[in-house]
Amino acid sequence: MRRTGEPMTLSLPPFTRAVTWLIGINTGVFLLMAVFSLAHIPVGPYVRYYCELVPSDVVQRGFVWQLITYSFLHEGIAHWFWNMFGLWMFGSAVENAWGTRRFFELYFIGVMGAAITTIALAFAHILGNPGGATLGASGGIFAVLIAFGILFWDREIMMIPFPFLIKAKYFVGILIVVTLALAISGGQGDNVAYVAHLGGLLFGWLYVRRGPKPALVNVSLSERYYGLRNSYYRWKRRRAARKFEVYMREHDRQVNFDEHGNYIPPEDQGRKGNGGGKSGWVN
C-alpha cells in the first residue's frame with residue numbers, strides 16, 4: 001500500500017498486536033481441526049455442531065456463543081488463508097490508527113453484526129434458512145475493510161495478483177457492489193455467506209460513523225472530569241474557610257480568607273488577591 005504521489009514500492013504491513021492474536025487463534029483452531037480429522041478423532045463434528053452459526057440454534061436453543069465462535073472456524077485452507085491474508089493486509093493499518101482495544105471492538109462488532117444479519121434474513125426466509133450453518137471470519141474482515149476504506153480512502157493498494165494500483169475508496173466500493181450482487185443472486189448457494197459479508201460491512205460502517213472518537217472524546221471527558229474535580233475541591237476549601245472564620249469569631253479572634261479560601265496573614269490583609277502572602281495558594 002502507498003499514499004498518492006509516493007513512488008510505488010512493495011512493502012508489507014507489520015503484524016500488529018490484535019492482528020497477530022486473531023491470526024494466531026484462527027490458525028490454531030484451523031490446525032487443530034485438521035489434526036483431529038487426519039487422526040480420525042471425532043472431535044471436529046462436535047465442535048462444528050456447537051460452534052458454527054446456526055440461526056435456529058441461536059434463537060430456539062439459546063446457543064448465543066455461536067455469534068462469536070463461528071468466526072474461528074474455516075472450511076478449507078483457501079477459506080482460512082484469504083481471510084487471514086485480508087486481516088493482515090488491511091487490519092494492521094486500522095489498528096495502528098485506532099489502537100488495539102478499538103480495533104478489537106470493530107472486528108467483533110463486524111463478526112456479531114454479520115451473525116445478526118444472517119439470523120434475521122434466515123428467519124425472514126429472504127436468504128438462506130434457519131437451519132443452515134455459517135462459519136468463517138469474513139464478517140469481521142469486511143468490517144475492517146470498510147473501516148480501512150473510510151480511514152485511508154485516498155491510499156493506493158495493489159490488486160494482488162493483478163499488477164495495478166487502485167485507491168482504497170474505489171476498491172471498497174467495487175467490493176460492496178460485487179458482494180451485494182452475489183448475495184442477491186446466489187445467497188449461500190455456493191457455500192459463501194455473502195449475507196454475512198454484507199452484515200460485516202454494514203455494522204463496520206455504523207461503528208466507524210457512529211462509534212466513539214477516542215482522541216476527542218477522551219480529551220473532552222478528561223478535561224470535564226478534572227474541571228469538576230477542581231471546582232469541588234475549591235468549594236470544599238471555601239466552605240472550610242468560612243467555618244473556621246465563624247469558629248474563630250466565637251473565640252474573639254479575627255481571621256480572613258480570600259475568595260479562593262486561602263488564609264491571609266494579618267500583615268497582608270490590605271493587599272489585593274491573596275495578599276501576596278507566602279501561605280496563599282490557588283488550585
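The following questions and answers go through a predicted model.

Residues are numbered from 1 along each chain as its sequence is written, and side-chain values rest on heavy atoms, with hydrogens and water left out. Because the model is predicted, local features need pLDDT of at least 70 and side-chain atom pairs count only at pLDDT 80 or more, while totals for chains, interfaces and linings use all residues.

Student: What average pLDDT does the protein have?
Tutor: pLDDT is the predictor's confidence in each residue, from 0 to 100, and 76% of the residues score at least 70. Over residues 1-9 pLDDT stays under 50, as it does over residues 273-283. Where pLDDT is low, the predicted coordinates should not be read in detail. The average for the protein is a pLDDT of 80.

Student: How many helices and strands does the protein have?
Tutor: Both kinds of element are DSSP runs numbered from the N terminus, helices being H or I with at least four residues and strands being E with at least two. From the N terminus on, the order is α-α-α-α-α-α-α-β-β-α-α-α-β-β. The protein has 10 helices and 4 strands.

Student: Which residues does Leu 175 contact beyond four places in sequence?
Tutor: Leu 175 lies in helix 8 and is buried, with a relative accessible area of 19%. Its C-alpha atom is separated by 9.4 Å from that of a residue 33 residues apart along the chain, Phe 142. With contact taken as heavy atoms within 4.5 Å, and neighbours within four places left aside, the partners of Leu 175 are Phe 142 and Leu 145.

Student: Is Asp 57 buried or exposed?
Tutor: Asp 57 is found in helix 3 (residues 55-60), and beyond its neighbours within four places in sequence it is in contact with Tyr 49, Gly 62, Phe 63 and Gln 66. Because its relative accessibility is 9%, Asp 57 counts as buried.

Student: Is His 40 buried or exposed?
Tutor: His 40 lies in the loop between helix 1 and helix 2 (44-51), and its phi is near 55°, a positive value in a residue other than glycine. Because its relative accessible area is 71%, His 40 is exposed.

Student: Which helix supplies the largest share of the lining of the second largest pocket?
Tutor: The second largest pocket has a volume of about 200 Å³, and its lining includes Val 29, Phe 30, Arg 48 and His 74. On a 1 Å grid over the protein atoms alone, a pocket is an open set of points where a 1.4 Å probe fits, with protein on both sides within 12 Å along at least five of seven lines, and lining residues have an atom within 4 Å of a point. The largest share of that lining, 5 residues, comes from helix 1 (residues 17-38).

How values were computed: Grid points are joined across faces, edges and corners, and a volume is the space filled by probe spheres set on the points. Buried means under 20% relative accessible area, exposed over 50%, partly exposed in between (1.4 Å probe, protein chains only).
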